[in-house]
Amino acid sequence: DDTSEKFQFLGYQFRRVYRRNRKRLSSQIGIPIENLRSFRSKIRNLTKSGNKSLHNIIDDMNLIIRGWAQYYKYAHTSIYAFRSLRYWLWKQYYNICYKRVAGKYDKGNHLKIHDEVMDKYFRKVGDYTTWPFIIDKNGTAHILTDITSIGYIAATYTKKAKNEYITEDREILDQVNLRTKTKHRAKTLANWGCKCGLCRKSLYVNGLN
């Protein structure tokens with residue numbers, strides 16, 4: 001069965017799936033389940049530390065989240081994986097705060113514990129009314145990274161198999177990667193004042209750019 005063909009390469013899972021809208025088999029880049037479990041395991045081990053301050057825990061979580069999400073943002077399944085992880089990460093931080101506050105109250109006072117946790121360790125950030133947010137003793141704000149803010153980026157394909165370490169193929173790949181939309185080009189020029197970022201010379205030649 002062609003649809004069951006799959007292999008892993010550089011931490012990604014490649015397989016063939018049937019696209020109903022295209023009525024043919026297509027390649028799909030996904031995140032292996034074991035790599036997803038490994039990510040969750042790292043976060044759990046980090047949140048088990050009872051001696052670390054909460055702002056340090058947020059900073060350490062952010063390092064793991066950003067690195068992992070930036071690597072897997074090219075996977076077709078990253079959108080769904082990131083959405084499912086967003087609440088899970090929120091819950092991991094909430095559990096830490098809950099345990100640290102729970103010692104002040106009886107076990108039956110769940111509502112009081114919850115209210116204090118929400119008041120001390122969560123704030124309104126963007127579209128989220130209760131998002132992990134804490135200010136340290138120096139007045140620096142520490143905010144948990146929203147993993148869904150790291151968006152999916154479609155991989156660049158060429159019609160033929162090319163090797164970037166071969167000069168002729170490298171030239172073709174460079175041409176593909178440099179094809180940007182007109183609006184992106186115009187925005188880049190505007191940001192740099194239509195001047196070279198290195199020598200600061202004008203990029204206009206005879207009134208044309």
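**Close-up 1. Helix 1 alongside helix 3.** In this predicted model, the axes of helix 1 (residues 33-47) and helix 3 (residues 78-102) come within 10 Å and cross at roughly 20°. Angles under 35 degrees count as roughly parallel, so that is what we call helix 1 and helix 3. The crossing of helix 1 past helix 3 is right-handed.

**Close-up 2. Who touches whom between helix 1 and helix 3.** From helix 1 come Leu36, Phe39, Arg40, Ile43, Arg44 and Thr47, and they meet Leu85, Trp88, Leu89, Gln92 and Ile96 of helix 3. Sorted by class, this contact has seven nonpolar, two polar and two charged residues.

**Close-up 3. Helix 2 against helix 3.** Here the axes of helix 2 (residues 54-72) and helix 3 come within 12 Å, crossing at roughly 170°. That makes the pair roughly antiparallel, since the label goes to angles over 145 degrees. On the helix 2 side, Leu54, Ile57, Ile58, Met61, Ile65, Trp68, Ala69 and Tyr72 take part; on the helix 3 side, look for Ser78, Phe82, Leu85, Leu89, Tyr93, Ile96, Cys97 and Arg100. The tally for this contact is 14 nonpolar residues, one polar and one charged.

**Close-up 4. Helix 3 from end to end.** Helix 3 has 25 residues, which at 1.5 Å a residue should span 36 Å; the C-alpha atoms at its ends sit 35 Å apart, so the two figures agree. Helix 3 still has a kink of about 25°, centred on Leu85. Leu85 also turns up in the contact with helix 1 and in the one with helix 2.

Notes. Residues are numbered from 1 along each chain as its sequence is written. This is a predicted model: local features need pLDDT of at least 70, side-chain atom pairs count only at pLDDT 80 or more; totals for chains, interfaces and linings use all residues. Side-chain values use heavy atoms; hydrogens and water are left out. Axes are lines fitted to C-alpha atoms, for helices over the stretch in contact, and angles run from 0 to 180 degrees between N-to-C directions. Helices (H or I, at least four residues) and strands (E, at least two) are DSSP runs, numbered from the N terminus. Angles under 35 degrees count as roughly parallel, over 145 as roughly antiparallel, 65 to 115 as roughly perpendicular and the rest as oblique. A crossing is left-handed if the near helix is turned anticlockwise from the far one by less than a right angle, and right-handed if clockwise. Contact means heavy atoms within 4.5 Å. Ala, Val, Leu, Ile, Met, Phe, Trp, Tyr, Cys and Pro count as nonpolar, Asp, Glu, Lys and Arg as charged, and the others, Gly among them, as polar. The expected span of a helix is 1.5 Å times one less than its number of residues. The bend at a residue is the angle between axes fitted to the seven residues ending there and the seven starting there.
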